[in-house]
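Thanks for coming, everyone. Please have the sequence and the structure up on your screens.

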Amino acid sequence: MYALVSTFIQVAKFESRFPVRVFESARFYSGVCAGVALLVSLGLRVNALLGLGLILFGAYALFHFFTLFLTFYKNIRPKVISTDTKDEELLKEDSIFEYFDFEATQIMLASHYSPDPDMLIHSAAGFPFFSYFLMRLGMTPAMFKKEFAEIKSSRERFGAGQGVKALGVFLADVLSVAKRNGHSQIHPSDLLGACATASQAFKLFLLDRNIDEKDIDRVHHWQKVLEAHKRKGFLQRLGESAGIGKDWAYAYTVKLDAVSTALGGARARDSLHVLAHQKQILVLEGILAKTAGANALLVGDPGIGKMTVIEGLAVRIRNGLSARELNYDRVRKLSMELVFSGKSYSDMVRMLTDVLQDAERAGSVVLVIDEIHNYLSKSSPTNVAEVLLPFLKSSRVKIVGLTTLGGYEKEIVENPLVASLFEKIRIEEPDHEEMMLILEDAASHEEVGHGVFILYAAIKKIYELSRLYITDVPFPEKGIELLQQVVTAAVTNKTPLVTDTLAAEVMSRRVNMPLGVLDTKEKEKLLTLEGELHKRVIGQYEAIKKISEAMRRSRSGVAAENRPAGSFLFLGPTGVGKTETAKALAAVYFGNEERMIRFDMSEYQNQTDIGRLIGNQATGEVGVMAKALRDDPFSLVLLDEIEKAHPDILNLFLQVLDEGKFTDAFGRPINFKNAIIIATSNAGAEFIRQQIQAGQAYDALSKGLVDFILQKAIFRPEFVNRFDGVVVYRPLVKEEIREIAKILLQKLGERLEKKGFTLEVPDDVIAWLAEAGYNEVFGARELRRIVQEKVESKIATDILSDVYKRGDMIRLQKEDL
Amino acid sequence: MILVTFFIWHYTLGLSYALVCSVDFVKGVFNYFSVFYLLRTLFSPWHSIAERYGRGFALGEYLMVLLGNLVSRVLGVIVRACVIVFGVIATACAAMGAAGFLLFWLLMPFAVAGFFIAGLILLIPA
């Protein structure tokens, strides 16, 4: 073993000086020249040319075998890290170098086994993995070296640094990274992963690009995926060939073939995203390999990859890798639409029976039926459970049904006889790690198909955006779908580079929301949110500040992700600007105040009213809140007079505020993660008034009010605590009413301008309106009423009486009011 | 130094690698023609085309069904036997090719030296 390792290191050293590609080129040119020389010499019968041809042929053979020699050592694994080997043993006397792969060995050799991570990074920049890594970051090694040197020189950015560790300490870090990445050898990505911690400059370089240790390994995996997608060698293709004559013993299936399609064809082999479902593919294979009762039911949400599992199995069968019992089987997807098209029920039953008999006679068919619950429902006009039953019991045909969770619970569980003939396999969503690998795999296909180059940052962004903003489709479907949309956008814009900015732009257009990296304009808007809101809401400085701070936390990514974008409980008397704040926030945050969905909670005082919100399975009624949020998850939900809602409804919001979602009556998840929830209440209005009159400061008032409503048991503590902020609104003072009067008249002026009139309002009119409209109980509502009755009504009458004509200026006089 | 390593590899690990590749190639050709599988199903009816004899006994009908089924099986035997024979021949050729390749592998250093020497002799006139 030692000899193998030392030879491996020797070859690695040689190859870093004379890369295998040099020998490949030499082989090619010597081969071509030898061929030409030999052919010409045979024609001209010139001995010297024949001699040259033989020498060139000898060189060709030598280069060929030398290429094989170098490639052999590049691909072997002389020693692998097993789980039972202790770190101490691995690190003893530098024996860890025996576990380095070819390229990692070359990097260590190039850096002269230096423990200085900066030197190692510098050395690594010339090797394939690091070049590939930089390429996926949109950089060349030269660009990196320049930037890296700049970062190193600007010491003020990161202080004095940690200094260089001893080699043993650094290698222990490398080993930890390799183990964290689940590697059985040390790869270049593990070296760089360790450098990401050990080198301050490299750490900053990666931080600037939002890249961490795990990302480095993911890019390494991507490189391996691309290598795996390269055209396979002749021997491998021959070995994977299914062979000829395997289906000659099976019956022709003319009727089945007419209404079904083959799965696992040659095209499927390269377009599968089976990585996430390897386990389920093997479980399915185990079930179908049984001699009797070999039927399976794949249960999962649409888009989760049920068909991918089947395709994965079909490819295994095709490549002869499946269990012996399935080796020559054909996997066919039955098109029930074709079976049922334009026929009477009896025709349909006859046709299906014929097709199933065809499959049974063949004895080699795995029949796939999508949305099988539609054909097993007792109430459905297409119920064919009785037709399927004998075939489900047959040992000569295997049936795989695909169904959703809802379909399974509603239609299949209720039919115990049918359910007992299937083995259920639950298909779960891939996790973060699996999804990133799937996206890399899919990206490789998109690059080949569309001639684009996809940056790693784009893949990362696509995962994040689809996770956060596409809530009605599961992974992997939503991730792949967004990736395809982004690639299409790049192709349309004639941009060969797919970046994270483009991904954010595509998603922004899709949800009509700013989503990308915070641009300067949006940063300014967030930083000056108070000002934006105060354009519409007068006074309430403390409340507006509290809301603005919460929104900044949410948009900058500091807030918890699994909760609504923002949630507030507005407490205060009527007419002080609670609803206006909500409208203003909807306009600023979602771009339009019409994105506010208002629920008058006084209409939900009974326990039975919950059905109107979340739906009712018994009556089939769709919940208004469920529908509204499903139609537009980017909304501001205003729950007016929340204290009047039934306690069960408040319990529903406990879950919403905590987890950012609820499940409707039909079992569908409704997502609030992109919504802002504002609940308003007049509870404690009198308390506020008293405290204000007593000159209480805002913070003490807020605390006192919360204690008050808890003491009075208006809300439970767990409900109040779930909100991002409890915002107290003060009663308006006269000066604020005057400002509101100005705003109301300004808006009236804008409306009149559209009709061709100009409105002029003197200060004494504004003062009069503010005086007349001031009411401690009704706040600005009274003012609004006064403006409507005294100003708007009069102007309307004058316009109808032709006092004013288009183009005229309307001058309000105090005496006229 | 690397040349020594190369020659050591060529007659140790390289040789076993060449041997594995040669065996894989021969096995691949053999499996491609599905020889074992076709032998196992040699007498099966061609694409399972076989009629049932039905209830009762009518000599004429019985003979017709028998003849039909016999034709199906004979057809199956002919096609499969042809493929088996062709597969065996192809495998034998592959085995000979693989043996030649292995021989060339063993003789490669001498062959290369031979090409160079012969080439030089022809290139430089006596």
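One definition before we start: helices are DSSP runs of H or I with at least four residues, strands are runs of E with at least two, and both are numbered from the N terminus. The model is predicted, so to speak: local features need pLDDT of at least 70, side-chain atom pairs count only at pLDDT 80 or more, and totals for chains, interfaces and linings use all residues. Phe28(A) sits in helix α2, residues 20-44. Is Phe28(A) buried or exposed? Its relative accessibility is 51%, so Phe28(A) counts as exposed; the cut-offs are under 20% for buried, over 50% for exposed and partly exposed in between, with a 1.4 Å probe and protein chains only.

On to the two chains together. Chain A brings 38 residues to the contact and chain B brings 42, where contact means heavy atoms within 4.5 Å. About 3,600 Å² is buried between them, 79% of it on carbon and sulfur atoms. Buried area is the accessible area (1.4 Å probe) that two parts lose on being put together, summed over both. Ile2(B), Tyr37(B) and His47(B) supply 19% of what chain B buries against chain A, more than any other three residues.

How many salt bridges cross the interface of chain B and chain A? Zero, by the rule: a side-chain nitrogen of Lys or Arg within 4 Å of a carboxyl oxygen of Asp or Glu. Which helix gives the most to the side of chain B that touches chain A? That is α4(B), with 14 residues.

Methods
Residues are numbered from 1 along each chain as its sequence is written. Chains are lettered from A and ligands numbered from 1 in the order in which they are written. Side-chain values use heavy atoms; hydrogens and water are left out.
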